[in-house]
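Have a look at the sequence and the model below.

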Amino acid sequence: MFKNTFQSGFLSILYSLGSKPLQIWDKEVENGHVKRPHDDDIQSNVLEIIGSNIQSTFITCPADPAATLGIKLPFLVMIVKNLKKYFSFEIQVLDDKNVRRRFRASNFQAVTRVKPYICTMPLRLDEGWNQIQLNLADYTRRAYGTNYVETLRVQVHANCRLRRIYFSDRLYSEEELPPEFKLYLPMQKV
C-alpha cells in the first residue's frame, strides 16, 4: 500500500477524527461493535472496539487480506484508552531473512514468549489514555536476531478506544509532534 510512497517523519494509518477513519481497514465484529463515540476525557470523537471475545472482534489494516502495508518506518505509536477489559493488538513485520513475523501485545499475559513466527508480550496500560510506542527494529533484532525491513499488517482487537495509530522514523518528544498527533486533555475546571 505504502511501498512506493516516500516515507519520512510520520505516516498515520488511523485517525479517529477523519471523515472515514476505517477507509483502509477491514473490521470483523462478533458480539460487539466498532463505533465512533464521543470520549468525555479528551472531548473528541474516538474509535471504539468492543467485543465479548477479543479474538472475534478486531480491525485490520490493510483491508485487502492479500495486500501489505509496506511501511518501512520502524516506530509504531498507538494512542489508546484503557477500558479495563481484555485488549490486544498484533503487528506483522517482514525481516531481512524474508520471514513474516508477528508481535502480539496483550494486557492479560504475564510473560514474553518468543516462538519462530510470533512473539507475545505483556502490555501494561495506565488508567485512561495511553501512548504505546514500539521500536519494531529493536524488537525484531532482540526476538529473532534479524533486521526489520517493513511492517506488513496491523490488527487491533477489542476492547479499546483509539485516537490515532501512526508510524515514525524515530521517537519524537511532545514538543516536536505536530498538533494533530498530540493528545490534548481538556483543562480541569477548578
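The report starts with the strands and then turns to the loops.

This is a predicted model, in which local features need pLDDT of at least 70, side-chain atom pairs count only at pLDDT 80 or more, and totals for chains, interfaces and linings use all residues. Residues are numbered from 1 along each chain as its sequence is written, and side-chain values use heavy atoms, leaving out hydrogens and water.

**Strands around β10**

Strands here are DSSP runs of E with at least two residues, and helices are runs of H or I with at least four, numbered from the N terminus. Two strands pair if DSSP finds at least two bridges between them.

| Strands | Sense | Bridges | Bridge partners |
|---|---|---|---|
| β9 (residues 88-95) and β10 (residues 100-106) | antiparallel | 7 bridges | Ile-91 and Phe-103 |
| β10 and β12 (residues 118-122) | parallel | 5 bridges | Arg-102 and Ile-118 |

The β9 and β10 hairpin has 4 residues between its strands. There, Asn-98 takes a positive phi near 60 degrees.

**Two loop residues**

Lys-115 sits in the loop between β11 (113-114) and β12. Its C-alpha atom is 9.6 Å from that of Arg-102, 13 residues apart along the chain. Is Lys-115 buried or partly exposed? It is partly exposed, because its relative accessible area is 48%. Buried means under 20%, exposed over 50%, and partly exposed in between, with a 1.4 Å probe and protein chains only.

Thr-146 lies in the loop between α1 (136-144) and β14 (148-157). Thr-146 counts as buried because its relative accessibility is 4%. Beyond its neighbours within four places in sequence, Thr-146 contacts (heavy atoms within 4.5 Å) Asp-95, Asp-96, Lys-97, Arg-101, Thr-140 and Arg-141.
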